[in-house]
Each structure stands twice: as C-alpha cells, then as structure tokens.
Amino acid sequence: MPLLDWRDARHFDASRNLPCVLCGKPTPMRSHDREAVHKVCAEDWCDHNPHSNRFHN
C-alpha cells in the first residue's frame, strides 16, 4: 500500500494530544475521520486490512 498523504493541516491538532486508537500512545495526528492515530500506525493497519477504507480518503 502507498504511504498516506497527510500533509493537510487538518491531520494535525496543535491544541492537544490524544491516545492513538491503535497503539494507545499520545498523538496530535488525526485521521480523515478525526480519529487520533499516528500516521505510521494507520499505514500499518491499512497494510494488514487492505479492503478497509478506515484511514483512507
């Protein structure tokens, strides 16, 4: 799977860190659906779940 393109500022919440929905560690990163998730965690999840669109556009 190609890397996710999260350059858009909407993927970053400068006001607070929340627990990543996948690993539980704090992150300011947000998915397209505003879930708190590290980009690396989301990419790993997508690699293991290729038929899901959870973290894709």
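**Close-up views of a predicted model**

**Figure 1. Overall dimensions and surface of the protein.** The accessible surface of the protein comes to about 4000 Å², and carbon and sulfur atoms account for 53% of that area. The model is a predicted one, and its C-alpha atoms fill a box of roughly 30 × 25 × 15 Å along the principal axes. A compact globule of 57 residues would have a radius of gyration near 10 Å, and the 11 Å found for the protein agrees with this.

**Figure 2. Order of the secondary structure elements.** The protein has two strands and one helix, which follow the pattern β-β-α when read along the sequence.

Figure 3. Buried residues make up 30% of the 57 residues in the protein. The largest nonpolar core consists of nine residues, namely L4, W6, C20, M29, V37, C41, A42, C46 and F55. With its neighbours within four places in sequence left aside, C20 is in contact with K25, T27, A36, V37, H38 and C41.

**Figure 4. S52 in the segment after the helix.** S52 is found in the segment that comes after α1, the helix spanning 39-48. The side chain of S52 reaches the backbone nitrogen of R54 at 3.2 Å. S52 and L3 are 49 residues apart in sequence, and their C-alpha atoms are 15 Å apart in space.

Definitions and conventions. Residues numbered from 1 in each chain as written. Predicted model: local features only at pLDDT ≥ 70, side-chain atom pairs only at ≥ 80, totals over all residues. Heavy atoms only, no water. Core = buried A, V, L, I, M, F, W, Y, C linked by side-chain atoms within 4.5 Å. Buried < 20%, exposed > 50% of the residue type's maximum accessible area, 1.4 Å probe, protein only. Contact = heavy atoms within 4.5 Å. Helix = DSSP H or I, 4+ residues; strand = E, 2+ residues; numbered from the N terminus. Polar contact = N/O pair within 3.5 Å; in protein donor to acceptor, adjacent residues only side chain to side chain. Rg over C-alpha atoms; globule rule 2.2 N^0.38 Å. Areas by Shrake-Rupley, 256 points an atom, 1.4 Å probe, with all protein chains shown as cover.
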